[in-house]
Amino acid sequence: MAAGPTLQLRDAPPRTVWALEQAGIAPLLARLFAARGVTSPAELDDALTQLLPPDRLHGAAAAATLLADALEHGKRICVVADYDCDGATACAVALRGLKLLGADPATLGYVVPDRAVHGYGLTPAIVDLALQQRPEVLVTVDNGIASLAGVAHARERGLAVLVTDHHLPAQENGAVVLPPADVIVNPNQPGCSFASKNLAGVGVMFYVLLALRAELRTRGRFDAAGQPRLDTLLDLLALGTVADVVRLDANNRRLVAQGLKRIRAGRAHAGVAALFTAAGRDARRASAFDFGFALGPRINAAGRLSDMTLGIECLLTDDPGRAAELARQLDTINRERREVEGGMREQAEALLEPLMPDGAPPPALALFDAGFHEGVVGIVAARVKDRLHRPTFVFARGQDGALKGSGRSIPGFHLRDALDLVSKREPGLLLRFGGHAMAAGCTLAPDGIERFARALQQVAAEWLDPGTLQRRLLVDGPLPPEQFDAATVRALDAQVWGQAFEPPLFCDTVEVVSQRLVGERHLKLGVRHGGVLRDAIWFGRSEPLPARVRLAYRVALDEYNGRERVQMVVEAAQET
């Protein structure tokens, strides 16, 4: 059996487990929560009253004043969106929220960059595009914190600029540089003490709306009893938060939990409901998994291969028929995206062969092919990173000839900091770069791929040790046989799992009784677990397993012919 990841048991402090059990939490959930850092039942309270207040978010009050003044004077507002799901949902939340709070719809508009034409963020070109709508206020969502030239250009043209973002600011000579906006709201800007640094872009915009509503109350526009219900936006907020793969800290989990409750209760916006239908998912049993693997990719596909306007319009319409048509279009584009991605992954595998003469990959990877599509490089980078456990960049050639790349990283390697070091060591190589620890993007000179690959590998060789380069998979230990039932699966599915609050991954030693390939690339298993024969499946695995093996698996309900049965969904295996 080929070597897989090292299975590492999560630590669940016994005292914390006991305290959670004493608070009335079921023993299995208490163990899972404690292993994910929960120390108090209060962290699991998903009531909206437990949300961090907006007055703790630096700039929110000033943003509220700016927007309240704009609404009072009927100023035209243009929202500058981004071309991913977070940006699309943030745009929809901004426009819907401003209308709820009294803005005249005729004064509201939006623009969204074309990935291939305009690049990322509030560029001068995007400002010029927005100017065609004759706005007086620009509001960025999920972008703008590093848009120094674009913000300056907007201010020169007489526009007020409100930047709402969650990305890291730009740096020059080691110092943070902020754009010259009228107001910046970003939990990751210097001087912001907001306790949740993990808000997605849509979350930041939602908090600005909360602050705006409070400001309008003080101005006498409405009282607390009659104020607009911003919780109607929570399905959009939950979708964007999960799809952007931000850490699900306690505050983000509350936001997502509330959005899921609205969807399960049949109170989703028309576009969200239509996306569930297009994806073949049951909205009555909505989960964070649906956001990350069904709805989010369909929204993102528009920004990758087409025009994110489709995604935004799907989230803005209240007409179920139009929503259904737009969702079908997004589904079609997503199918095309899968085909493009499949071809690029095959080509990436071919590019990897000469880089791995002894079978082991270098400490970091940078791949480029003239046929790669710019909109899919991030997905392919993630797939290669997941398979080889190496920081990976994949590049495509942009319309201007420059190489546009997207990278994904592994724990212990801060991707944006690595790019910063590469830019210092190789002056002129990186035309632009930005991002986070685990995901980043950059633009290279047209002939810069080999220089970049060498420089990135040098940084990785310095920063990464053999232990870091060995993939570790955190597991939650065995699932007691008596809890291997549908009730347990439903109890687990009812929770909010996601980035940094990963869904349970159990680990047990089993006997493999039978195994066969289904669909030519999935391993269907019959295993003996706790003296009982269980069904298991390993998607994307074709290599057979030994007779006795330690499996890392999730549990899921498999419905067939009206019958439910619990199935192991295998993620890794080790010989015993």
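What percentage of the 576 residues in the protein do buried residues make up? Buried residues account for 53% of them. Buried means under 20% relative accessible area, exposed means over 50%, and partly exposed lies in between, with a 1.4 Å probe and protein chains only.

Before selecting anything, note the ground rules. This is a predicted model, in which local features need pLDDT of at least 70, side-chain atom pairs count only at pLDDT 80 or more, and totals for chains, interfaces and linings use all residues. Residues are numbered from 1 along each chain as its sequence is written, and side-chain values use heavy atoms, with hydrogens and water left out.

**Whole protein**

Show the cartoon. The protein has 19 helices and 19 strands. These are DSSP runs numbered from the N terminus: helices are H or I with at least four residues, strands are E with at least two. The radius of gyration is 24 Å, close to the 25 Å that the globule rule gives for 576 residues, so the protein is as compact as a globular protein of that length. That radius is taken over C-alpha atoms, and the rule is 2.2 Å times the number of residues to the power 0.38. Switch to the C-alpha trace: it spans about 75 × 60 × 45 Å along its principal axes.

**Helix 12**

Select residues 288-305. This is helix 12, with 18 residues. From first C-alpha to last it reaches 25 Å, close to the 26 Å expected at 1.5 Å a residue. The expected span is 1.5 Å times one less than the number of residues. Now centre on Gly296. Helix 12 bends there by about 45 degrees, and Pro297 follows within four residues. The bend is the angle between axes fitted to the seven residues ending at a residue and the seven starting there.

**Thr317**

Next, go to the loop between helix 13 (309-316) and helix 14 (320-352), where Thr317 lies. Thr317 is buried, at 9% relative accessible area. Not counting residues up to four places away in sequence, Thr317 touches Arg96, Ala270, Gly271, Arg322 and Ala323. Contact means heavy atoms within 4.5 Å.

**Arg10**

Finish at Arg10, in the loop between strand 1 (6-9) and helix 1 (14-22). Is Arg10 buried or exposed? Arg10 is buried, with a relative accessible area of 14%. Leaving aside neighbours within four places in sequence, its contacts include Ala35, Leu474, Asp476 and Glu502.
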